[in-house]
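Dear colleague,

I am handing over the structure below, and I would be glad if you kept it open while reading the notes that follow it.

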Amino acid sequence: MKHWPYPRWIAHRGAGKVAPENTLAAFRFGAAQGYRMFECDVKLSADGVPFLMHDATLERTTNGVGLGGDQPWDQLARLDAGSWHSRAFAGEPLPTFENVARFCIANRYLLNVEIKPTPGHERQTGEVVAQYAARLWAKEAVPPLLTSFRPESLQAAQAARPELPRGLLLDTLWEGWFDVARSLDGVAIVCNHALWDAHTVAQVHGAGMRCLSYTVNDEWAAQRLVALGTDGIITDRVDLFSPV
């Protein structure tokens, strides 16, 4: 992408920790703080519906039990995804990827979609998420940025919809990461913020990719990343950092 269309500040899972993550309530809260780009996690239900959730299991962020990917959407849609956070969000449902896409498109918000497959469904999830994204954003000038820790999910997304921008997520600089990122024809590397230094930023920029960071919740860390010349900061602290 010769022109980078995404803003520096990105709200993690909608609104970080100040609203129940990966819900439309979180997106609305983040938007009220002035954010215009959001990160979210997308996986598949047992019947192939892409929906928002970070964990493989349901217990932490819903009143459900077991693997989210083992249940059909009609059961997942009945779960309470807000009470775990606070009483103010009791009854907040899990959203489908399509629900969130339509919210973002209607309001001109941008999206970073982390492909978060249930173990064993890496390629299927990458393909389905890419197909949905291409269809939903077909008339939009700026597509969502697809990212994943799983190269096979990004490979499947690349094969299905090569026109969509992709980025490799890294929690360590494992051997071969740079070659894998280039083989994916990615536009970005999204690192644990502590991994960036001047050499790695120059390496990634030299390959024509952008440098994004997660999850940045302290001013000193944000200042360091700005000084290094990185391009995007994913934060939980939508209440602390002004995105404008």
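F27 touches G14, F38, E39, C40, L52, V100, F103, C104 and L111, where residues up to four places away in sequence are not counted and a contact means heavy atoms within 4.5 Å. The model is a predicted one, in which local features need pLDDT of at least 70 and side-chain atom pairs count only at pLDDT 80 or more, while totals for chains, interfaces and linings use all residues. Residues are numbered from 1 along each chain as its sequence is written, and side-chain values use heavy atoms, with hydrogens and water left out.

F27 also belongs to the largest nonpolar core, which has 55 residues and in which F27, F97, L111, L146 and I189 touch the most other members. Such a core is a set of buried Ala, Val, Leu, Ile, Met, Phe, Trp, Tyr and Cys residues joined through side-chain atoms within 4.5 Å, and buried means under 20% relative accessible area, with exposed over 50% and partly exposed in between, for a 1.4 Å probe and protein chains only. Helix α3, residues 97–107, gives the most to this core, with 6 residues; helices are DSSP runs of H or I with at least four residues, strands are runs of E with at least two, and both are numbered from the N terminus. A second, separate core of 13 residues includes W4, L110, V190 and I234.

On the cysteines, the count of disulfides comes to 0, a disulfide being a pair of cysteine sulfur atoms within 2.5 Å. C104 is buried, at 0% relative accessible area, and its sulfur is too far for a bond because the closest cysteine sulfur, in C40, is 7.3 Å away. C211 is in no disulfide either, with the nearest cysteine sulfur, that of C191, 7.8 Å away, and C211 is likewise buried, with a relative accessible area of 0%.

C211 leads on to D231, which touches W4, P7, R8, H205, R210, C211 and L212, again without residues up to four places away in sequence. D231 lies in the loop between α8 (219–228) and β9 (232–235) and is buried, with a relative accessible area of 15%. The side chain of D231 makes a polar contact with the side chain of H205 at 2.8 Å, a polar contact being a pair of N or O atoms within 3.5 Å of which, within protein, one must be able to donate a hydrogen and the other to accept it, and residues adjacent in sequence count only if both atoms are side-chain atoms.

Lastly, A159 is found in helix α5, residues 151–160, and counts as exposed at 63% relative accessibility.

With best wishes
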